[in-house]
Amino acid sequence: VVVVAVLMLRVSVPLGLLVLVGLPSVLVVVALLVKPLQARQAVQREEQGRLTTITTDAVAGLRVLRGIGGEDVYGARYAEQSTRLRDAGIKVASAQALLSALKTGLPGLFTAVVVGVAALRAIDGTLTVGQLVTFYGYTSFLVAPLGVAADLIQVATRSWVGAKKAA
């Protein structure tokens, strides 16, 4: 990344700065979704744990439940908790979908902006066509580590929530 940044700055300082400021900005936007996603995943894990507890209790005491007519009470508790878990899962899914969309869309949009600015500079003669293509290649190359960083943020969030639940 540092080598590519130096190469870009040597060709065009404004475009190089656009890329050096723009890429971290894209990563920050993706990272801003981590807190809400983490909170939603924590709620989902908690609801899942409660449902598991209800299920375990029922399996352990199934004969007793049947003997005292508690199946309906258990069924109602299970259905209520299952609904809570489903609702929590939907909230997690919507946050994850937004994060996935941004992980895909923002780098593409950023690349388009850089290429657009480079094209305008090529039209006015500040850049050659070869330099325009080079900037496109550099930007595309730098977007790959951005995707890895975004994936790392998502996996780390899921892991942190799981570790907190286990602790």
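Trainee: In which helix does Leu 27 lie, and does Leu 27 count as buried, partly exposed or exposed?

Mentor: In this predicted model, Leu 27 lies in helix H2. Buried means under 20% relative accessible area and exposed means over 50%, so Leu 27, with a relative accessibility of 26%, counts as partly exposed.

Trainee: Which residues does Leu 27 touch, leaving aside those up to four places away in sequence?

Mentor: Leaving those aside, Leu 27 touches Leu 146, Ala 149, Ala 150 and Ile 153. As for Gly 16, which is eleven residues from Leu 27 along the chain, the C-alpha atoms of the two are separated by 17 Å.

Trainee: How are two packed helices described, and at what angle do H2 and H6 cross?

Mentor: Two packed helices are described by the angle between their axes and by the distance between the axes. The axes of H2 and H6 cross at roughly 20° and come within 10 Å. Angles under 35 degrees count as roughly parallel, and therefore H2 is roughly parallel to H6. The crossing of H2 and H6 is right-handed.

Trainee: Which residues of H2 and H6 meet, and how do the residues of this contact divide by class?

Mentor: On the H2 side the residues are Leu 15, Gly 16, Val 19, Leu 23, Val 26, Leu 27, Val 30 and Ala 31, and in H6 they meet Phe 135, Thr 139, Leu 142, Val 143, Leu 146, Ala 149, Ala 150 and Ile 153. The residues of the contact of H2 with H6 divide into 14 nonpolar, two polar and no charged.

Trainee: At what angle do H1 and H6 pack, and how far apart are their axes?

Mentor: Helix H1, residues 2-11, and helix H6, residues 129-166, pack at an angle of about 155°, and their axes are 11 Å apart. Angles over 145 degrees count as roughly antiparallel, so H1 is roughly antiparallel to H6. H1 passes H6 in a left-handed crossing. The contact is made by Val 4, Leu 7, Met 8 and Val 11 of H1, together with Gln 131, Phe 135, Tyr 138, Thr 139, Phe 141 and Leu 142 of H6. By class, the residues of the contact of H1 with H6 are eight nonpolar, two polar and no charged.

Trainee: How do the axes of H1 and H2 cross, and which residues make the contact?

Mentor: The axes of H1 and H2 cross at roughly 145° and come within 6 Å. The contact is made by Ala 5, Met 8, Leu 9 and Val 11 of H1 and by Val 13, Gly 16, Leu 17, Val 19 and Leu 20 of H2. Ala 5, in helix H1, is buried, with a relative accessible area of 9%.

Trainee: Which residues of the largest nonpolar core touch the most other members?

Mentor: Of the 24 residues in the largest nonpolar core, those touching the most other members are Met 8, Leu 15, Val 19, Leu 23, Phe 110 and Leu 142. The elements that give two or more residues to this core are H1, H2, H5 and H6. Not counting residues up to four places away in sequence, Phe 110 touches Leu 18, Val 19, Gly 22, Leu 23, Val 26 and Thr 139.

Trainee: Where is Gln 81 found, and does Gln 81 count as buried or exposed?

Mentor: Gln 81 is found in helix H5, and at 3% relative accessibility Gln 81 counts as buried. Not counting residues up to four places away in sequence, Gln 81 touches Glu 47, Arg 50, Leu 51 and Ile 54.

Methods
Residues are numbered from 1 along each chain as its sequence is written. This is a predicted model: local features need pLDDT of at least 70, side-chain atom pairs count only at pLDDT 80 or more; totals for chains, interfaces and linings use all residues. Side-chain values use heavy atoms; hydrogens and water are left out. Axes are lines fitted to C-alpha atoms, for helices over the stretch in contact, and angles run from 0 to 180 degrees between N-to-C directions. Helices (H or I, at least four residues) and strands (E, at least two) are DSSP runs, numbered from the N terminus. Angles under 35 degrees count as roughly parallel, over 145 as roughly antiparallel, 65 to 115 as roughly perpendicular and the rest as oblique. A crossing is left-handed if the near helix is turned anticlockwise from the far one by less than a right angle, and right-handed if clockwise. Contact means heavy atoms within 4.5 Å. Ala, Val, Leu, Ile, Met, Phe, Trp, Tyr, Cys and Pro count as nonpolar, Asp, Glu, Lys and Arg as charged, and the others, Gly among them, as polar. A nonpolar core is a set of buried Ala, Val, Leu, Ile, Met, Phe, Trp, Tyr and Cys residues joined through side-chain atoms within 4.5 Å. Buried means under 20% relative accessible area, exposed over 50%, partly exposed in between (1.4 Å probe, protein chains only).
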